[in-house]
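Q: I have a new model open and want to learn how to read it. Can you take me through it feature by feature?

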Amino acid sequence: MAETPPSLQIGSFKVAFLTDGLWRNDGGCMFGVVPRELWKREHPPDEQNRIRLNLTCPLIARGKEAILVDTGIGNRLDAVERKIFDHGEGWLPDHLRALGMELGDVTAVVVSHLHFDHCGGLVRRRESGALESAFPRARIFVQKGELEIAETPRNERLRAAYRHAGEILAPNRGRIEAIEGDLELTPGVVAVPTGGHTRDHQVVRVADAGSSFVHMADIVPTRSHMRGPWNQAYDLDAITTMEQKARYLSAAVRDRTWISFAHDDQVFAAQVVNDRGKLVVSDKVIVPERLYQGAGTGLK
Ligand SMILES: [Zn+2]
């Protein structure tokens, strides 16, 4: 049995931090223009220059409503890709079970964008090899522009970034809802486009009874990315990422908003304060190291 995921109470909502497990990715890709000498202090690279990352998927729940934000990598990777990214079977279902829930209990999934490490868990690979929809009863929300680019990538870079999209979207056809701009999923929970990382990247904001929370997804993927120029090389428009990050982080300081990160391997969520002009983390929801054990295969 997997360890119970930690959670935050945001007004009447419980936000539980599920993880689809650890994976590794190239440190240079994760930090763009930042020299290795700087990022390696906070993210020690392995012999292949990969750094240890999480796949954080917040579950926003109230009553029978259960809104999942992002789905991790899932279990669709082949053996070669699993080795490249050092990812196991996809642990999210185990952590959902630890909360006393099944995949069928998820009522909505909001996908920040359609890169494989955020939408891969929308499908499960069966023993026969066939892919089926992972959340049989959920409505799935993606920005319309993101869906269009994933389905008809117009150059080599986009084709590579979305090469997995067809097989993930196909079993979910009919339940994917293409949204344009802000969408209120339930009173107090809103999906909001940011652009930056991808043209139509979106975040999810919860605000209820004076407390608030935003999953920043790939706008602030780790605490290190709270610094303005620390952005991923994948960002299609790093300037927009910087502007959105600055806007959300200053609002977070002002309103004591909890923010969560897509890929921080040690901290799920944090509150930030301005310490003499520098943004620093104050309170935090730590990733218990034992959450990474006893679930999935965790190929080494
Ligand atoms: Zn990502």
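This is a predicted model: local features need pLDDT of at least 70, side-chain atom pairs count only at pLDDT 80 or more; totals for chains, interfaces and linings use all residues.

Q: Which residues lie closest to the centre of the largest pocket?

A: Rolling a probe the size of a water molecule over the atoms shows where empty space is left. Here 21 residues line the largest pocket, and His115, Phe116, Ala160, Ala161 and Tyr234 are the closest to its centre.

Q: Which element supplies the largest share of that lining?

A: Helix α7 does, with four residues. At least two lining residues each come from β3 (23-26), α5 (116-119) and α7.

Q: Now the metal. Which residues coordinate the zinc ion?

A: Look for donor atoms around the ion. The donors here are Asp117 (OD), His118 (NE2), Asp218 (OD) and His263 (NE2), at 2.1 to 2.3 Å. Along the sequence their spacing reads D-H-x99-D-x44-H.

Q: Why is the arrangement of the four donor atoms called irregular?

A: Check the angles. A tetrahedral call needs all angles between 85 and 135 degrees. The donor atoms around this zinc ion subtend 83 to 154°, so the arrangement is irregular.

Q: Is histidine 118 buried or exposed?

A: Relative accessibility decides, and buried means under 20%. Histidine 118 has 2%, so it counts as buried. Aspartate 117 is buried as well. Histidine 118 is found in helix α5.

Q: What does histidine 118 touch beyond its sequence neighbours?

A: Leave out residues up to four places away in sequence. Histidine 118 then touches Asp70, Thr71, Gly72, Val111, Ser112, His113, Asp218, Ala262 and His263. Asp218 and His263 are also zinc donors.

Q: What is leucine 114 in contact with?

A: Beyond four places in sequence, leucine 114 contacts Cys119, Val142, Glu146, Leu147, Ala150, Tyr162, His164 and Leu169.

Q: Which residues of helix α6 are buried?

A: Helix α6 spans residues 144-151, and its buried residues are Gly145, Glu146, Leu147, Ile149 and Ala150. They pack against β10 (139-143), α7 (156-161), α8 (165-169) and β11 (176-179).

Q: Where is arginine 125, and how accessible is it?

A: Arginine 125 sits in strand β8, residues 123-125. Its relative accessibility is 31%, so it counts as partly exposed. Asparagine 75 is 50 residues away along the chain, yet the two C-alpha atoms are separated by 6.1 Å. Beyond four places in sequence, arginine 125 contacts Asn75, Arg76, Ala130, Leu131 and Glu167.

Q: Last, the backbone. What is phi of alanine 209?

A: Most residues other than glycine have a negative phi. Alanine 209 has a positive phi of about 50°. Its place is the loop between β14 (202-208) and β15 (211-215). Alanine 209 is exposed, because its relative accessible area is 70%.

Q: And where is alanine 217?

A: Alanine 217 lies in the loop between β15 and α9 (238-255). Phi of alanine 217 is near 45°, also a positive value. Alanine 217 is buried, with a relative accessible area of 0%.

Conventions. Residues are numbered from 1 along each chain as its sequence is written. Side-chain values use heavy atoms; hydrogens and water are left out. Buried means under 20% relative accessible area, exposed over 50%, partly exposed in between (1.4 Å probe, protein chains only). Contact means heavy atoms within 4.5 Å. Donors are N, O and S atoms within 2.8 Å of the metal (3.2 Å for Na, K and Ca); water is not among the atoms, so sites may look incomplete. Four donors count as tetrahedral if all angles lie between 85 and 135 degrees; four count as square planar and six as octahedral if opposite donors are over 155 degrees apart and all others between 65 and 115; anything else is irregular. On a 1 Å grid over the protein atoms alone, a cavity is a set of points where a 1.4 Å probe fits but cannot get out, and a pocket is an open set with protein on both sides within 12 Å along at least five of seven lines; lining residues have an atom within 4 Å of a point.
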